[in-house]
Amino acid sequence: MKRYLFSICTLIIVISACNPSAEKQQNSIYSKDGLSFSLPKYWKVKKDRPIDGVANSRFISISDEEPFSKDAYLIITTMDSVNLDKTLKNLITQSRASYGKRKVEFGMLNEPKTVKIGKYEVLKADFETRIIANRNKGSLAVMHHKGKTYSFVSSVDIKDKKENFSVADSVIKSLRVK
């Protein structure tokens, strides 16, 4: 009986230790200069610096460092409050020009619309890029919070979309500003 009970306990411990979904959901908290947010496992901040020539601004570059992961990134910018519609249109124009220079097809998947993400009202639109057989899906989102305008540009390989497409939304939900 003791041996049977010991075997059951050992099996439970081994199964719970090998649970890949629990490991995948581990988040880290990034915090600097009064701004903090949660990042999924393997996502790392690569740059956090002021934007050249723009007072009271910030540029944060984040990428997925998971082994064997395809191209996935999130860029966050902050600046003094500006018009959301103009900011989103500017992001679309800049993205189209930037991808075009690299001979990458860029297309919008939907019209910008206001959505609720966590406690924030966000103006958001989705896009897709394509070069030969590689396709990425991304989103452009802008919002106001505490006198600042925040923009979020994310892109993930279409094959990783299910796993990584919600990273920008989860960062927005977890955003805290002091």
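A residue counts as buried when its relative accessible area is under 20%. That cut-off is used below for this structure, which is a predicted model.

Start with the sheet. Strands of a sheet pair through backbone hydrogen bonds, either parallel or antiparallel. Here an open sheet has three strands in the order S1-S2-S11, and the pairing is antiparallel. Strand S1 (27-32) and strand S11 (176-177) are the edge strands, each pairing on one side only. S1 is joined to strand S2 (residues 35-40) by six bridges, and these two strands run antiparallel. Across S2 and S11 lies helix H5 (residues 167-174), which runs at about 145° to S2.

Within this sheet, Tyr 30 stands opposite Phe 37 in S2. Both Tyr 30 and Phe 37 are buried. Their rings also form a pair: the centres are 5.4 Å apart and the planes meet at 35°, so the pair is tilted. An angle under 30 degrees would have counted as stacked, and one over 60 as edge-to-face.

A search of the whole structure finds four aromatic pairs. A pair of aromatic rings is described by the distance of the centres and the angle of the planes. For Tyr 99 and Phe 106, the ring centres lie 5.7 Å apart with the planes at 15°, so this pair is stacked. Tyr 99 has a relative accessible area of 9%, so Tyr 99 is buried. Phe 106 is buried as well, because its relative accessible area is 15%. Ring pairs link Tyr 99 and Phe 106 with Phe 127 into a cluster.

Conventions. Residues numbered from 1 in each chain as written. Predicted model: local features only at pLDDT ≥ 70, side-chain atom pairs only at ≥ 80, totals over all residues. Heavy atoms only, no water. Phe/Tyr/Trp six-rings, centres within 6.5 Å; stacked < 30°, edge-to-face > 60°. Buried < 20%, exposed > 50% of the residue type's maximum accessible area, 1.4 Å probe, protein only. Pairing = 2+ DSSP bridges. Helix = DSSP H or I, 4+ residues; strand = E, 2+ residues; numbered from the N terminus. Contact = heavy atoms within 4.5 Å. Axes fitted to C-alpha atoms, helices over the stretch in contact; angles between N-to-C directions.
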